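Me: I'd like to learn how to read helix packing, cavities and pockets. Could you walk me through an example?

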Amino acid sequence: MSAKTATKTVATKPASEIIRCRWAANEFNIPYHDEEWGVPVHDDRTWFEFLTLEGAQAGLSWDTILRKRPRYREVFDNFDPANVARYDAKKKRALLADPGIIRNRLKIDATITNAQLFLKTQDEFGSFDNYIWRFVKGKPIQNAWAAHKKVPPSTRESDALSKDLRKRGFRFVGSTICYALMQATGMVNDHAVTCFRYAQLK
């Protein structure tokens, strides 16, 4: 089911009847939950966007990142890794001065380095998508959590992904970050079984 269909399905139900994962509770994370979270990604630009945003989130809340996401898209060339890989010192200074993003030197440096490594990974595997889906054997892992609090912070698959990304030189790719990346991009379905999106993405 597409995001558009999912939104239409929700719109036909009274608000009181819509059951979501408990973390989806405000104007920023409800649309994200309903339309994006857990939907399998196969577009490399989208992969680089999530890789960047999950790294930027380290130590912060995801809501903070969602609020800043439009500005991230503006200043990071809509997450085109080829463009980001060429950022120079002048561009880095501009990014560090921009209050619309997370002004953390290590995270900004990591984004540029990761863009360069992202391109190398694309060259090696044909696409980043080909590379990353190998860690779940090409199809989403279907979990069945009764409550979001039972979801682990990492798994053996995220451990393996983190280890491989680090070996390649990627930064801000610890196992917990990698698992959040996997959840966001549909490599794993971690919607609670009571959530209306769980069955749609199963």
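**Reading how helices pack**

Reply: Happy to! Keep in mind that this is a predicted model. Two packed helices are described by the angle between their axes and the distance between the axes. Here, helix 3 (residues 44-57) packs against helix 7 (residues 105-125) at an angle of about 150 degrees, and their axes are 10 Å apart.

Me: How are helix 3 and helix 7 oriented to each other, roughly parallel or roughly antiparallel?

Reply: An angle over 145 degrees counts as roughly antiparallel, and therefore helix 3 and helix 7 are roughly antiparallel to each other. Their crossing is right-handed.

Me: Which residues make the contact of helix 3 and helix 7?

Reply: From helix 3 the contact uses Asp 44, Trp 47, Phe 48, Leu 51, Thr 52, Gly 55, Ala 56 and Gln 57. Helix 7 brings Lys 107, Thr 111, Asn 114, Ala 115, Phe 118 and Gln 122. Sorted by class, this contact of helix 3 with helix 7 has six nonpolar, six polar and two charged residues.

Me: Let me try helix 6 next. At what angle does helix 6 pack with helix 7?

Reply: Helix 6 (residues 89-96) and helix 7 pack at about 135 degrees, with their axes 10 Å apart. That angle makes helix 6 oblique to helix 7. The crossing of helix 6 and helix 7 is right-handed. Lys 92, Leu 95 and Leu 96 of helix 6 make the contact with Arg 105, Ile 108, Asp 109 and Ile 112 of helix 7. By class, the residues of this contact are four nonpolar, no polar and three charged.

Me: And what about helix 3 and helix 4: at what angle do their axes cross?

Reply: The axes of helix 3 and helix 4 cross at roughly 130 degrees and come within 10 Å. Helix 3 and helix 4 are therefore oblique to each other, and helix 3 passes helix 4 in a right-handed crossing. On the helix 3 side you will find Glu 49, Phe 50, Leu 53, Glu 54, Ala 56 and Gln 57. They meet Trp 62, Ile 65, Arg 69, Tyr 72 and Arg 73 in helix 4. This contact has six nonpolar, one polar and four charged residues.

Me: Now for the spaces. How many cavities of 30 Å³ or more does the structure hold?

Reply: To read a cavity, ask about its volume and then its lining. There is one cavity of 30 Å³ or more, and the largest cavity has a volume of about 110 Å³. It is lined by 15 residues, and the closest to its centre are Thr 52, Gly 55, Ala 56, Lys 107 and Thr 111. Helix 3 and helix 7 each supply at least two residues of this lining, with helix 7 giving the largest share, five residues. By class, the cavity lining has nine nonpolar, four polar and two charged residues.

Me: Which residues lie nearest the centre of the largest pocket?

Reply: They are Gln 57, Trp 62, His 148, Ala 180 and Gln 183, out of 17 lining residues. The largest pocket has a volume of about 420 Å³. Helix 2 (29-35), helix 3, helix 4 (62-75) and helix 10 (175-184) are the elements that give two or more residues to its lining. Helix 10 gives the most, with five residues. The pocket lining has ten nonpolar, five polar and two charged residues.

Methods
Residues are numbered from 1 along each chain as its sequence is written. This is a predicted model: local features need pLDDT of at least 70, side-chain atom pairs count only at pLDDT 80 or more; totals for chains, interfaces and linings use all residues. Side-chain values use heavy atoms; hydrogens and water are left out. Axes are lines fitted to C-alpha atoms, for helices over the stretch in contact, and angles run from 0 to 180 degrees between N-to-C directions. Helices (H or I, at least four residues) and strands (E, at least two) are DSSP runs, numbered from the N terminus. Angles under 35 degrees count as roughly parallel, over 145 as roughly antiparallel, 65 to 115 as roughly perpendicular and the rest as oblique. A crossing is left-handed if the near helix is turned anticlockwise from the far one by less than a right angle, and right-handed if clockwise. Contact means heavy atoms within 4.5 Å. Ala, Val, Leu, Ile, Met, Phe, Trp, Tyr, Cys and Pro count as nonpolar, Asp, Glu, Lys and Arg as charged, and the others, Gly among them, as polar. On a 1 Å grid over the protein atoms alone, a cavity is a set of points where a 1.4 Å probe fits but cannot get out, and a pocket is an open set with protein on both sides within 12 Å along at least five of seven lines; lining residues have an atom within 4 Å of a point. Grid points are joined across faces, edges and corners, and a volume is the space filled by probe spheres set on the points.
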